[in-house]
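Student: Can you walk me through this chain? I'd like the overall picture, then the charges.
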Amino acid sequence: QEQQGKLNEMLRTVGVLEVQKSNVSKEIEALSKEIDSTKKELEEEYGQININLQDGSYTDIEKEDDK
């Protein structure tokens with residue numbers, strides 16, 4: 001009974017962890033979409049640039065000539 005009780009407790013814990021994993025995965029997906037949206041907004045305002053996330057500085061992306 002003790003062993004079965006421990007097993008049941010562990011299985012419940014795994015179930016809770018799976019729900020938490022699913023919730024975090026959804027949050028990651030939502031944040032990724034938000035990041036993509038922010039990137040698009042920045043590109044519309046500033047054009048194509050590289051942004052240093054540490055200090056906020058940016059440099060233009062040089063386009064390669066089609067040859």
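Student: How much of the chain counts as buried?
Tutor: Of the 67 residues, 1% count as buried. Buried means under 20% relative accessible area, exposed over 50%, partly exposed in between, with a 1.4 Å probe and protein chains only. This is a predicted model: local features need pLDDT of at least 70, side-chain atom pairs count only at pLDDT 80 or more, and totals for chains, interfaces and linings use all residues. Residues are numbered from 1 along each chain as its sequence is written, and side-chain values use heavy atoms, without hydrogens and water.

Student: OK. What elements are in the chain, and in which order?
Tutor: The order is α-β-β from the N terminus. That is one helix and two strands, taken as DSSP runs (helices H or I, at least four residues; strands E, at least two) and numbered from the N terminus.

Student: And what does the C-alpha trace span?
Tutor: About 75 × 30 × 20 Å along its principal axes.

Student: Switching to charge. How many positive and negative side chains are there?
Tutor: 9 positive and 17 negative, with the centres of the two sets 10 Å apart. Lys and Arg count as positive, Asp and Glu as negative; His and the chain ends are not counted. Each charge is placed at NZ of Lys, CZ of Arg, CG of Asp or CD of Glu.

Student: Where is glutamate 45, and is it buried or exposed?
Tutor: Glutamate 45 sits in helix H1, residues 2-46. Glutamate 45 is exposed, at 57% relative accessible area.
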